[in-house]
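Here are my notes on this entry. Please read them with the model open.

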Amino acid sequence: MTPVVWLALHQAAQQIAGTAVDSGVARARSALRKLFRRPAEAVTVPPLSRERSANC
């Protein structure tokens with residue numbers, strides 16, 4: 001093979017590897033974010049009074 005073909009293959013391999021690494025980092029970051037996310041605080045809704053429930 002000619003040196004030009006080798007250079008093209010080398011560049012293509014670098015791009016594929018770089019894309020794979022970037023994708024893996026993004027997936028790992030997303031997984032860690034989900035793992036360490038704080039749970040949402042529970043919202044308590046007070047019961048309706050008799051006056052309010054009659055108006056609904």
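What radius of gyration does the chain have, and what would a compact globule of 56 residues have?

1. Overall dimensions. This is a predicted model. The chain has a radius of gyration of 28 Å. A compact globule of 56 residues would come near 10 Å. The C-alpha trace tells its own story: about 90 × 25 × 5 Å along the principal axes.

2. Secondary structure. The chain holds two helices and zero strands. Helix H1 covers residues 3–35.

3. Burial. What share of the 56 residues counts as buried? The figure is 0%. Buried would need under 20% relative accessible area.

4. Nonpolar patch. Met-1, Val-5, Trp-6 and Leu-9 make a nonpolar surface patch. Its area is about 460 Å².

5. Is each of them buried, partly exposed or exposed? Val-5 has a relative accessible area of 36%, so Val-5 is partly exposed. Leu-35 has 60%, so Leu-35 is exposed. The cut-off for exposed is over 50%.

6. How far apart are Leu-35 and Val-5 in sequence and in space? In sequence, 30 residues separate them. In space, the C-alpha to C-alpha distance is 45 Å.

Technical notes: Residues are numbered from 1 along each chain as its sequence is written. This is a predicted model: local features need pLDDT of at least 70, side-chain atom pairs count only at pLDDT 80 or more; totals for chains, interfaces and linings use all residues. Side-chain values use heavy atoms; hydrogens and water are left out. Helices (H or I, at least four residues) and strands (E, at least two) are DSSP runs, numbered from the N terminus. The radius of gyration is taken over C-alpha atoms; the globule rule is 2.2 Å times the number of residues to the power 0.38. Buried means under 20% relative accessible area, exposed over 50%, partly exposed in between (1.4 Å probe, protein chains only). Patches are made of residues with over 30% relative accessible area and no salt bridge: like charges are joined within 9 Å, nonpolar side chains (Val, Leu, Ile, Met, Phe, Trp, Tyr) within 5 Å. Accessible areas come from the Shrake-Rupley method with a 1.4 Å probe; for residues, only the protein chains shown count as cover. A salt bridge is a side-chain nitrogen of Lys or Arg within 4 Å of a carboxyl oxygen of Asp or Glu.
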